[in-house]
Amino acid sequence: MKIVKYPHPALRAKCRPLTTLEEGERTAAAQMLELMYKAEGLGLAAPQVALDYQMIVINFAGDPNEKDAELVAVNPVIVEGKGAIKDREGCLSFPDLYQDVRRFKTVKAQYYGLDGDLHEMVCSDLAARIWQHEIDHLNGVLFIDKMGPLARLGSRKDLEQLIDEFE
Ligand code: ZN
């Protein structure tokens, strides 16, 4: 398993919901967490490792030692969003690209845990940003799609370079 970079086609796929949780998905979640920590990220979505189902891993603290901040979410959705805030955002599939992106300030997320139970989380700011960014991935939506015109312009060189490297 490895993190795929833009413009890998897996990043544009719409992921299918999981109806059962088997050994394979649990192993994938553990491997995704490991990759995320190695890359010093805060979140990683299944399509970023070329998997086609709705699973994301997060550590809100970005610290592998803070297990309380760690979470695996299956079939996650944002059920409510409030307010708006623009802040710097990056993505492990776009190394070295950081731009301002406008997001909901506060969200309510619902997801299934590896325990098979439905969970709900209400959070704001960075945590809310991570939820929105990662859930977007499951719908084939990338943070470059959410950038305003200036951020988009500022990303052009990085994107061209990524496309060159991919080819
Ligand atoms: Zn991302």
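This briefing describes the zinc site, the cysteines and the paired strands of the structure above. The structure is a predicted model. A zinc ion has Cys91, His133 and His137 as its protein donors, and the structure holds zero disulfides. Strand 2 (residues 55-59) pairs with strand 1 and with strand 3.

**Zinc site**

- Along the sequence, the donor residues follow the spacing C-x41-H-x3-H.
- His133 and His137 both belong to helix 2 (residues 125-138); because they are four residues apart there, about one helical turn separates them.
- Both His133 and His137 are buried, and Cys91 is buried as well, with a relative accessible area of 11%.

**Cysteines**

- A disulfide is a covalent bond between the sulfur atoms of two cysteines.
- For the sulfur of Cys15, the closest cysteine sulfur is that of Cys91, but the distance of 13 Å is too far for a bond.
- Cys15 is buried, and its relative accessible area is 8%.

- Five of the five residues of strand 2 are buried, so the strand is largely enclosed by the rest of the structure.
- Strand 1 (residues 43-45) runs antiparallel to strand 2 and is joined to it by three bridges; Ala45 has Ile56 as its bridge partner in strand 2.
- Strand 3 (residues 70-82) is also antiparallel to strand 2, with five bridges between them; the bridge partner of Val57 in strand 3 is Val72.

Methods. Residues are numbered from 1 along each chain as its sequence is written. This is a predicted model: local features need pLDDT of at least 70, side-chain atom pairs count only at pLDDT 80 or more; totals for chains, interfaces and linings use all residues. Side-chain values use heavy atoms; hydrogens and water are left out. Donors are N, O and S atoms within 2.8 Å of the metal (3.2 Å for Na, K and Ca); water is not among the atoms, so sites may look incomplete. Helices (H or I, at least four residues) and strands (E, at least two) are DSSP runs, numbered from the N terminus. Buried means under 20% relative accessible area, exposed over 50%, partly exposed in between (1.4 Å probe, protein chains only). A disulfide is a pair of cysteine sulfur atoms within 2.5 Å. Two strands pair if DSSP finds at least two bridges between them.
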